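Reader: Let's go through this one together. Can you show me the model, and we'll take it from there?

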Amino acid sequence: MKPLNDRNNFLYLFFSLSALLLSSALAGEISGEWGRDLFSVVTVFIWLLALKSLHPDLALRRLVYGFILILGALTLLWRLDPSRGTAALILIALLISFMGAFRLAMHKILFDGPIDSNKIIGSLSLYMLLGLIWTVLYLLLFLYDPQAFHGIEITEWRALFPRLAYYSFVTITTLGYGDISPANRVGEFLTYMEAITGLFYMAIFVSSLINRGLSPRSSS
């Protein structure tokens, strides 16, 4: 793969997010605590690469690195104090980082230069970030209500990550397999809001982005 630059940075972001999801799935297949610890470590390093690919300015870069250190410290704290409060802090940190990455990537796609293939890949990365944002929201809900979803075993939140990521992407793409379903009103609300967001994103954002990319060619 070519060195990271403004022409392929979203490709790095896409593969980083894909690696994050793959590592969570593989960790879910490994029995024992060490597999989950491996996922935690891999998450921090992969997420560091993902944020680096967005080329934040110096001030924001310092904030990002500081936030990554906080996330790593919280992950270590979880080993010493595996309480619901510590898990909630980790998930909130992940939620803020996913939302921050989404905002930064969207700004670069919309307002930083012409639309090209790199930015089309970036729009796919944004879609993945949306699915990850809702994954964390589902995890937070499950953390405080273990009966929030039908079809999910009650276990540690890191083991639930791949299952709820699966549910999130099935929901955002409106596939609706039905093997997992919400069991309370908040879960239902989050589910249909994600479905609405996914439809709006594909129908409005991506289509307008592609039209903007094609319009100079069509007018010439």
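Author: A definition to start. Buried means under 20% relative accessible area, exposed means over 50%, and partly exposed lies in between, with a 1.4 Å probe and protein chains only. This is a predicted model: local features need pLDDT of at least 70, side-chain atom pairs count only at pLDDT 80 or more, and totals for chains, interfaces and linings use all residues. Residues are numbered from 1 along each chain as its sequence is written, and side-chain values use heavy atoms, with hydrogens and water left out.

Reader: Good. Is I210 buried or partly exposed?

Author: I210 counts as partly exposed, because its relative accessibility is 35%. I210 belongs to helix α7, residues 185-219. Helices here are DSSP runs of H or I with at least four residues, strands are E runs of at least two, and both are numbered from the N terminus.

Reader: How far is I210 from I120 in space?

Author: 7.4 Å, C-alpha to C-alpha. Along the sequence, I210 and I120 are 90 residues apart.

Reader: What about V186, which helix is that in?

Author: V186 is in helix α7. V186 is partly exposed, because its relative accessibility is 47%. Its C-alpha lies 9.6 Å from that of Y138, and 48 residues separate V186 and Y138 in sequence.

Reader: Zoom out. How many helices and strands in the chain?

Author: Seven helices and two strands. From the N terminus, the order is α-α-α-α-α-β-α-β-α.

Reader: What share of the chain is buried?

Author: Buried residues are 47% of the 220 in the chain. The chain exposes about 11,600 Å², and carbon and sulfur atoms supply 68% of that. Those areas come from the Shrake-Rupley method with a 1.4 Å probe; for residues, only the protein chains shown count as cover.

Reader: And contacts, what percentage join residues at least 24 apart?

Author: 72%, among contacts between residues at least 6 apart in sequence. Contact means heavy atoms within 4.5 Å.

Reader: On to helix packing. At what angle do α1 and α5 cross?

Author: Roughly 30 degrees, and their axes come within 8 Å. Axes are lines fitted to C-alpha atoms, for helices over the stretch in contact, and angles run from 0 to 180 degrees between N-to-C directions. α1 and α5 are therefore roughly parallel. Angles under 35 degrees count as roughly parallel, over 145 as roughly antiparallel, 65 to 115 as roughly perpendicular, and the rest as oblique.

Reader: Which residues make that contact of α1 and α5?

Author: From α1, they include F10, L13, L17 and L20. From α5, they include I121, L124, M128 and L132. By class, the residues of this α1 and α5 contact are twelve nonpolar, five polar and one charged. Ala, Val, Leu, Ile, Met, Phe, Trp, Tyr, Cys and Pro count as nonpolar, Asp, Glu, Lys and Arg as charged, and the others, Gly among them, as polar.

Reader: How do α1 and α4 pack?

Author: At about 155 degrees, with axes 12 Å apart; α1 is residues 9-29 and α4 is residues 84-111. α1 and α4 are therefore roughly antiparallel. In the contact, F10, L13 and L20 of α1 meet F98, A105, K108 and I109 of α4. The classes for α1 with α4 are six nonpolar, no polar and one charged.

Reader: Then α4 against α5, what's the angle there?

Author: Roughly 160 degrees, with the axes coming within 9 Å; α5 is residues 117-144. That makes α4 roughly antiparallel to α5. Their contact has 24 nonpolar, two polar and three charged residues.

Reader: Switching topic. What is the phi of T174?

Author: It is positive, about 55 degrees, and T174 is not a glycine. Most residues other than glycine have a negative phi. T174 sits in the loop between α6 (157-172) and β2 (181-182). T174 counts as partly exposed, because its relative accessible area is 42%.

Reader: And S168, buried or exposed?

Author: Buried, because S168 has 0% relative accessibility. S168 is in helix α6. Leaving aside neighbours within four places in sequence, S168 contacts G131, W134, T135, Y138 and E194.

Reader: Last one. Where is E156?

Author: E156 is in the loop between β1 (149-150) and α6. E156 counts as buried, because its relative accessibility is 16%.
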